[in-house]
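Let's take a walk through this structure together. Please have the sequence and the 3D view ready.

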Amino acid sequence: MDIPHLGTNSPTEYTSQHPPVTPQGPGHTGYPKPKGAYPESPTDYTVPPPNYPVAVQPRFPIQNQPVYDNQPDGPTGVSWMPAPSAPLNCPPGLEYLSQIDQILIHQQIELLEVLTGFETNNKFEIKNSLGQRVYFAVEDTGCCTRNCCGPCRPFTLRILDNLGREVITMERPLRCDDCCCPCCLQEIEIQAPPGVPIGYIIQKWHPYLPKYAVQNEKREDVLKIIGPCVACRCCTDIDFKIKSLDEETIVGKITKHWTGFLREAFTDADNFGIQFPLDLDVKMKAAMLGACFLIDFMFFEELK
């Protein structure tokens, strides 16, 4: 059995997650170290003989790069956003949203879907403006539903934090996909924690413009989202503006980014950006995520 050198049995890639102790007052230089408890320096250790076995470096996962069963296809080696302290009355898992005013959403390219056209469950990376991953989203929809109902399919979207815990659930019921029909329009329910509704995105009928109402847990309108005529846009970013109820003030936007001709032509993997006020309620920030996914499925999910 390989025996590690003394003092080298911690993985080299490990980074301490706790800052050093801060002095607790004037003249305080830290807590005293008991004498004789451990060597004063590495030179106090006995030097091993030349034929001493080579140290074995254990392969522990770095704390900000978790590995868990419900994210088998997630990219490795990514940096996760450190968890901030939770604000008052913040649902568990939404404290990450309290510190950001911009979200980037990258849909992963599924090779099977590109080669065969067979619709697979979508996966999304949700990052902050620094490129740190905040959440990982996975669609949970049956095979027949995905391939028979297409972009108008009902779905459940599960959003996981850096520990693999499901912190947000989004439910889209089956609704009419005909813009000429003013009833049974599209909607999505946002739950945090799962099972507890915190917001809704409700499509409002319009002959050619995409319009949505952002509602709180009491189904009261809080904001509006108004987009352009998507069918008339090509080779450019598309902005869906987040507005006040009177539609006079723009408070943010959801942007579908143009990703290049090849990716747009042969895949349905899209990139989005969401901007909103930093002091916006975290529940409404989570609702904006739901609005982004609903917009993606309604207008950009169809394979080219």
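**Around strand 12**

Thr255 sits opposite Gly273 in strand 12; strands here are DSSP runs of E of at least two residues, and helices are runs of H or I of at least four residues, both numbered from the N terminus. This is a predicted model, in which local features need pLDDT of at least 70, side-chain atom pairs count only at pLDDT 80 or more, and totals for chains, interfaces and linings use all residues. Residues are numbered from 1 along each chain as its sequence is written, and side-chain values use heavy atoms, with hydrogens and water left out.

On one side, strand 11 (residues 250-257) and strand 12 run antiparallel, joined by five bridges; two strands count as paired if DSSP finds at least two bridges between them. Strand 12 also pairs with strand 1 (residues 102-107), again antiparallel and over five bridges. There, Leu104 stands opposite Gly273, while His106 faces Asn271.

The 12 strands form a closed barrel in the order 1-2-3-4-5-6-7-8-9-10-11-12, with antiparallel pairing. From one strand to the next, the twist averages 20°, with axes fitted to C-alpha atoms and angles from 0 to 180 degrees between N-to-C directions.

Why is strand 12 (residues 271-275) largely enclosed by the rest of the structure? It is because four of its five residues are buried, meaning under 20% relative accessible area with a 1.4 Å probe, protein chains only.

Technical notes. Buried means under 20% relative accessible area, exposed over 50%, partly exposed in between (1.4 Å probe, protein chains only).
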